[in-house]
Amino acid sequence: MALDKESPPLPNLHGRSHIRRPTHVFPSGRNTLALMLTAGLFVVLLSTHHPATFYHYPMPTDISPQEAKIGYEDKGCNMFNGTWVRDFRGPIYTNFTCPTMPDSKNCGKYGKQMDYVNWKWVPHGCDMVRFEPQLFLNIVRGKTMAFAADSIGRNQMESLLCLLSQVETPIKVYSDTKDKFVTWHFKSHNFTLMALWTKFFVEGSEREINGTEVEMHDIHLDKLDARLAANLREINILVISSSRWFFRKNYLYEGGKLIGCIYCSEDNITSIDVITAIQRALRTALRNLTNCQECGLQLTLVRTATPAHFENGFWNTGGYCNRTEPVEKVEAMTRTVEWAIRNAQVEEANRAQNESSHKGQMNLEILDITEAMSMRPDAHPGIHWNNKWMRGYSDCSHWCLPGPIDMWNELLLSVLKKYGKE
């Protein structure tokens, strides 16, 4: 991909209002409203026998020029393209039944209304399914799974811990001093689950000014993150994802030489756009994983970008996320930054899939959650996250537990079903 001479502006996380006014919902006045209320009563009565009531969204004409190649797509069932459906059966776990739930994701405990748990992702052409903790643990017996990612990837691992703890309570067997590298063990199933903190997949170090770290990094786009590389021998299943930390002033290197930077306007330094940097880093990671001869890797999954939903500002300028229901698909797709990242990730994953299939090496799959999560601005912690250092600030990036992030692990289980004991 060619280098851009100028960097794009920082992503607009404000978003436009998607709230529908009464005149938009009931354009024909009170008669239409009365008719709809009557129909609504019928639906309520019907739902006592059929707990899931469908809430359909208009289908976009073109999701993306890049399509995820998913090996477990069968008979028209596309796991990544679907609809959020009303489902009042309740989540598989709660903050009372999940002993590992972090306070920062325990939104209900800190006052958030939990209607966001009453929606279910139903892929088009597929049956509605619920996560099966016992089946998951049966498939991964004797395996080690790791999430190599930033805090959003850690969020998915926390969801998986809660889901699996309904069958067996895991034991934390390792944690570094900053709780960035954590290992859990499910003794009865001989299953190990790891969190490996990485900002970029590749080597990156934070710059210092007068001994104080600043949010600028030196990123070596051609070198795999050393902590990730050191753990590859023992990992069988790897989920990788990262993009947020690229959106800073970062200096990029290849072959030990400075080749450019992101969000800078310095003389004699080429400006490289953030999407290109993300794509190059992912390319390096996937090539290293695919070609690793000493690794125990059997399956790697690339999880695509997930949107933040700040409105009327950024996280540090009063931005918030107080929606109470999903938004429509067409409206959600206006967030072009996340779609650009997703397209770059899918392009690289598809490229690596082709290379690995020709060599008969590691299996590679994609967890394409961008479309589904772009419709869920209602499921972030917002101000309900009990961070004493960040009081008054909204978290519109991470996801509440339980919540729609649990769907990511339903997709993960769908992939594992394909490979089974392999």
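This is a predicted model: local features need pLDDT of at least 70, side-chain atom pairs count only at pLDDT 80 or more; totals for chains, interfaces and linings use all residues.
Q: What makes Asp150, Ile152 and Arg244 lining residues of the second largest cavity?
A: A cavity is a set of points on a 1 Å grid over the protein atoms alone where a 1.4 Å probe fits but cannot get out, and a lining residue has an atom within 4 Å of such a point. Asp150, Ile152 and Arg244 are among the residues that line the second largest cavity, so each has an atom within 4 Å of one of its points.

Q: How do the residues of the second largest cavity's lining divide by type?
A: They divide into 2 nonpolar, 5 polar and 3 charged. Ala, Val, Leu, Ile, Met, Phe, Trp, Tyr, Cys and Pro count as nonpolar, Asp, Glu, Lys and Arg as charged, and the others, including Gly, as polar.

Q: Which residues and elements line the largest cavity?
A: There are 19 lining residues, and the closest to the centre are Val117, Trp119, Lys120, Gly403 and Glu410. Strand E2 (82-87), strand E3 (119-123) and helix H10 (406-419) each supply at least two lining residues. Helices (H or I, at least four residues) and strands (E, at least two) are DSSP runs numbered from the N terminus. This lining divides into 11 nonpolar, 2 polar and 6 charged residues.

Q: Why do strands E10 and E13 count as a pair?
A: Two strands pair if DSSP finds at least two bridges between them. E10 (residues 237-241) and E13 (residues 299-303) are joined by 4 bridges, so they meet the condition. They run parallel, and Val239 has Leu301 in E13 as its bridge partner.

Q: What makes E5 and E14 edge strands?
A: The open sheet has 7 strands in the order E5-E6-E7-E4-E10-E13-E14, with mixed pairing. Strand E5 (171-175) and strand E14 (363-367) each pair on one side only.

Q: How is helix H6 set against E10?
A: Helix H6 (residues 274-291) packs on the sheet, touching E10, E13 and E14, and its direction makes about 170 degrees with that of E10. Contact means heavy atoms within 4.5 Å. Axes are lines fitted to C-alpha atoms, for helices over the stretch in contact, and angles run from 0 to 180 degrees between N-to-C directions.

Q: Why is the link of Cys77 and Cys126 called a disulfide?
A: A disulfide is a pair of cysteine sulfur atoms within 2.5 Å. The S to S distance of Cys77 and Cys126 is 1.7 Å, so the pair qualifies. The two cysteines are 49 residues apart and link distant parts of the chain. The structure holds 6 disulfides.

Notes:
Residues are numbered from 1 along each chain as its sequence is written. Side-chain values use heavy atoms; hydrogens and water are left out. On a 1 Å grid over the protein atoms alone, a cavity is a set of points where a 1.4 Å probe fits but cannot get out, and a pocket is an open set with protein on both sides within 12 Å along at least five of seven lines; lining residues have an atom within 4 Å of a point.
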